[in-house]
Amino acid sequence: MKSRSLSTNNDSVDSPTSSGLQDQSFNYSFNDTTYSKESEYLNDLKKEKKEKQEKHNTANLLSGSAAGADSISSNPQDRKSLRYSSTPEDEDLVSLFLSALHGFDANSLELTSDSAICLSFEKNDVAFVHSVDSSGWGEVTMIKNFKRGWVPINYFTELVKPSDQPLPSAKSKSPLKLLLISSAKFLRSPAEDDGKSGFSINHINDIRDGVRYLLEKTDCLSRSTDIVKKKPIIRRIRKSLLADWYSLMIKADSYKHSTSVVHLETLQLMVLQVVRKSLAFLEIWGIENDLLQKENQERQLKAKAEKKNNIPYLGEQPYAKERLNEIHNLLFTYIGLILGRLDMIEHNPAGCQLLENLIHQMILLLREILFISKSSVMILNNRSTKVETKVDDNLDTLLSLVSELVSSVKMFVTKTIHEDYGSLNLTVKDGLYYYSPEGDDLIGIISRMTRSISASIENCYRYITLIGDFRLGEEKRFPDFQAIKITPDSFIKTCSEGLLKTLDKSKVDLKELKRSNIKRQSRYSMVRSGLNNEMGLTSSGTNLLQEFLPDSKSFIRNSVFEPYLNESNEEIEIEHDAKSEIVYDSNGKLIGASFKGLVFLLTDELNKPDQFLISSFFLTFKLYANGVELIEELIGRFNITNKFDAFDDYDETGEYSSYESRLKNRRRIICKMFQIWLQSYWDYRNDYNLLPTLINFFNEGVSQFLPIESKKLIELCSKLTGLTPSKIKASPTVTTITPILAHSSSSATIANVPSIVSINDELDNDDYIFEEYELAKMNTSNRNSMLLPLPSINFNNNSLLSKSQIHEIENLVLQYRRFLGTTLWEHNDYTHYYPIDVNSLFDKWYTSCQTPFSQVIGIDYNLVELNSFEFAKQLTLIESRIFLSMKSEELLSGNFASKKSKLNLSPNVSRSLLFTNLLSEYVLDSILLPELPMKKRILRFKNWLNVALSSYYLKNFNSLAAIIISLQNHILSRLDEIWIGLPDKYKNLFKDLMKIIHPDNNYKGYRYKISKILDENETKSPIPLVPYINLFLQDLTFIDEGNRDFRNSNSFLRSKIINIDKFLKISKIVSNMEYLQVGYDNMGPTKKSKRNSIFSFNSGSSLNDNVSPILPLQEFILLEFWRVHQANLKHDDRYWVLSKQIKP
C-alpha cells in the first residue's frame, strides 16, 4: 500500500452502500469465540510449560530462545539492544495504524444497511487499515475490540507521525514503530507466498523484536530497572504484555506447519491483542515516567538543599517503630520549647534564629511521619488487609497547618528584627506575660498542630502493630536527627545569652535586680512579664538569667563550700518530715495537715489516697494556698535529682524492690495529680501564668524519667494554651473548667427518721395523687375543666394545656415584649411569637428584675389558674436549668453571700435565689389580690397545693419549699376564712407537704428523702431532681463560718496546720450537689452530657420520660414573676397591707 495523504477534517463522505461497498470481511465474531477458547487452551499449556521448563529471564526470552531454534528464532547474533533502519515500505506499513481525531456513531447514519457494516469509535481509538475506497471510506479493524468494518478515513490520522519526538516525551509513539511494522506485515499477509508452508515465521520473530524494542526504549526490559521497581502499575501492565506476547509465541510454535485459515486468523487476533496491550503499556508508561522524573527532580533539589544546610544522614535504613519513637519524642520536645519558652524567644534576635531552626526541623520530622504512614499503608494494601488503610485526615490537617506555621514564623521574626531595644526599661515584677499578636498566633497554630501530630502518630503506631516492625525503604535518605537536635539546655543557654545582650543594649544591670526565694521552679518559670511597652522580668527569671552572666559565681559556690553542694550543683535545702505535719483524731480520721503534708498524702506511693480526698483537695486548695505553691511542692516530691530522702522509711523487703522503683511509682502518681488539675480543675483566667512553668517542667524535667507521661501532659497543656492572656483580657466571659468531684454521700445518710417527720406514703403513689387531687384536669379557656383518663396519657411528655390556652399565653408574652421594649427585652418581631434562646432569656429576665420601673403592665391572668401539673412541670424545667448551670466555685468561700453580691462571683446561685423569692412572692400575690372573692382565694390556695404536690412528684424540692413556706406565712395563716373553707383532704395534704421541708431537727424529712437518692456507688443521680438550694447554702455557710481554716498546733511546726476536716465537709456538700445535677429534658444545654473525668467513668444518665418544655409558658412565668416583683419594689410591706384589707 502506497503512502497516502489522509484528510483530517470532518468533511461529509458518501455512505458506504451508496459507493457500492459491501461487507466483504470474514466473520470475526466466530474468530472472537475461537480466540476465547484458544486462550483457555493457552492457559493450560502455559501451566504445563512452567512445570516442565525452568523460568526464563525476560531478556533471554525476547532475545530468541523462546521457542525452538529451528522455527521461531531471532537473528543468531548476540544483541544487547535492537537497532533498525526503516525503509519507505516500512513507513507505509506504519501508516496503516491510525488514531481517531474525532468520535463517530454508526447509528447516526440514515440507512440501516450502512449502520450494519460501519463501526462506531471514540476519539483516540486506534484502527488497522485493510483497504481504502476512493469514496473516502476505509475497511479497518478496531484495536480495542477487534471488530472489522467501514469507517470514514478523514476522521483519522497517523498513529506514529514522522514528527514524533524521541523519548522521554510522554506523547511519543516512536517506541511502537518496529512492533507496528512487523504486526502490519503479518496482518496483511500471514501466509507464505507459496501457500504451502503456513505462515511466515520471520513475521512472528519480528513481532517479538518489536516488543523487545518497546521495552528497551521505555527502560522496562528488566524488572530491576528504576521505573519497574517504583511503579506497581508499570509492573502489572508489563507483566500482562509479556503474558500476551508469550501466548502468541507458544501458539505460533504449535501452528508453525499449519495452513488452516482458522489458525491463521487466531494468530492475527493474538497479534492484535499484543498491539492493543502495547498501546496501553506505552500510554501508562508515559504518565508514570513523567511522574517519576518529577519525583527524581524534586529529590535532587531536596538533596542539594539538604547538602547546603549540612544535614547529616543515617548510614542505614532505620526501623519504622524506632524511627517513630524518635520523631515523637523530638516533636514534643520542640513543641514544649515553643509553648513554654516563647517569652524567651520574643524580642530576642538569638531566640528567633533558634525558632527558625526548630521549625525547620519540625517540618523535616513531619515529612518522616508522612513517609512512615504511606509506607505502612502500602504494605497493608499489598497484603490485602481488610483495614481502613488510607492516609488519615490528620496528615492533611498537618500539611495545611505547616503553611500557616511558616507564614506565622516569618511575621514573628520580621517584627523582632525591626525592634529597638535601646529604649527598653526593665523592672522585676511577677505576673502575666502578654504575648505579641504574632506570638498569640504562633501559639494557636502550635496548639492545633499538637493534636493532629498526636493523632497521626497514634495511627502510625496502629499500622505498625498490624504489620509488625519493618525497615523503611531505600527510596529516600533519613536525616540523623540526633546529630542536629536542639536540647532544652542548649536552647535555654542560647536564648538567655541573647536576652543578656538585649539587656546590655538597654543598660540594665541584672545583678541589681532582686532574685526569687522560690528555688525549685525557678528553672522552669517564665522569664518575662508585662506588656510590650511595659516589659519586665519575673523574679524567677532573674534567677535563671544570672546563671549565664560571665562572672556569675555566688558566695556559696566558693571552693570552700563545694563539698556541701548537692549533685545538681544547687544549694542544699534543709529538709523536714512532712509526715509529722499530718494530724489525725482518736479514730484515725484525717482532720488537719500542713500544705506540704497534704501534698505528701496525695503523692504517697505507699498509701495511695482515696479519690474523694484528691478531688476535695483540688476543689478547695486555693482557699488556703495557690498554684505556685502547689507546683513547688509537687516538683519537690518528684525529686529531679534522685536524692534519697532521709525521712522515707525504705524497706527492701516491702512492696518495692528498690528505692528507684518506689520513686518511679511516686513520679507516676505526681503526673496523675497534674493531669487531674489540668483536666478538671483548671482556671483559665487565674492559672494561665502557670502553664509555661508546667510545660517546661514536663518537657525538661519529667521527660527524663517518664517520657510517655511527659508527652501526654504537654499535649494536655497545649489544649489550654490556646486561650492566651491577651484573649482572656479581650473576652471577660471566659469561665473555669467545671470541677468534677468524686461522690461521697456519707454526710447525707440518715439511719432513721423520727416520728415527728413521718410522711404519708400515699404521696409517693402516682395513681393515688393524680386521681385524688385531679392533677390531670385540663382547665379550658372558658374556665370549665375536664379530667383526662388514667393511665393512658404520659403526663411528662404531653401538654396539659389546650391550643387556645397556649395561643392566649403567646399573645400575653407579646404584650410584655412590647411593653419592655428593645432595651431590656430586645426582640426582632413584636407581632408574631417565636421563642427566645433560653440562655438569653434568663439574662434578660435577671437584668430586668434588677431595674425598677415606674409603672408595670396590667395583665388579667394568673398562672395558678392553669393546670397545676403543667405549671409545675415548667417551673421544674426552669429551676433545673438554673441548677444545672451552677458551678462548684460559686459555692466556695461564701461567694454566694449577700456581702459579695456586687462581685458577681456566683451568678447562677443568684438567679436561683431570685427565682425562688419571686415564686414565693407570686404565691402570696395570687391569693391576696384585692377584690378577689373568698371562694376564689380558697380555690387558688388549693391550686397552689396541687402545684406543690406536682413539684414533689417531679422531685422539684426547691419549688415545693418556696410554695409551702409561702402558704404557711403569717400573712396567710391569719386569714381564718381560707382555712375554714379549705377541704379536709387539702388540709391534710398541706400538713404532709409541710413535714417534708419542715425545719425541725434540721430538715430531717427532706434530708431523709434526699438520702434515698444519694448512692455512694454511683457518680450521678439515677433520676433528675431539683434540691432545696437554700439548704445547701445554709449548710455551707454554717460549715464555713463555724470552723476555722487552720487548727492550733500543740508542737512547734514550720507550717500552719490546715483544718482539713472543714474543707472535706464543704467538698461533701458540693459533691452531693454535683451528684444531683441531672436534667429533665434533652434540650440543648439542659441535657447533661457525659462528663469526661478521671473520677467519673459512667456519669451519663438515661431518663425514659423527658419532661417536655412549653417555651411560651416558661417565658410567661418569668414575665409574671417580674411584674409582681416590680409592684413589691415600691412597697416593702405590700402583702401585709393586702392581708389587713381582707381581715383588719
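Tutor: Buried means under 20% relative accessible area. Keep that cut-off in hand; this is a predicted model.

Student: Does Tyr986 count as buried or exposed?
Tutor: The cut-off for buried is under 20%. Tyr986 has 6% relative accessibility. It therefore counts as buried.

Student: Which residue forms an aromatic pair with Tyr986, and how many residues apart in sequence are the parts that the pair ties together?
Tutor: Tyr986 pairs edge-to-face with Tyr773, at 5.4 Å centre to centre and 70° between the planes. Tyr773 lies in the loop between helix H25 and strand S11, and Tyr986 in helix H34. So the pair ties together parts that stand apart in sequence by 213 residues.

Student: What kind of aromatic pair do Phe621 and Trp677 form?
Tutor: Phe621 sits in the loop between helix H18 and helix H19, and Trp677 in helix H20. Both residues are buried. Planes over 60 degrees apart count as edge-to-face. The planes of Phe621 and Trp677 are 90° apart, with centres at 5.9 Å, so the pair is edge-to-face.

Student: Which strands stand at the edges of the five-strand open sheet?
Tutor: The strand order is S4-S3-S2-S1-S5, with antiparallel pairing. An edge strand here has a single partner, so one side is left without a neighbour in the sheet. The edge strands are S4 and S5.

Student: Which residue in S4 stands opposite Glu139?
Tutor: Strand S3 covers residues 137-142 and runs antiparallel to S4. Five bridges join S3 and S4. Opposite Glu139 stands Trp150.

Notes:
Residues numbered from 1 in each chain as written. Predicted model: local features only at pLDDT ≥ 70, side-chain atom pairs only at ≥ 80, totals over all residues. Heavy atoms only, no water. Pairing = 2+ DSSP bridges. Helix = DSSP H or I, 4+ residues; strand = E, 2+ residues; numbered from the N terminus. Phe/Tyr/Trp six-rings, centres within 6.5 Å; stacked < 30°, edge-to-face > 60°. Buried < 20%, exposed > 50% of the residue type's maximum accessible area, 1.4 Å probe, protein only.
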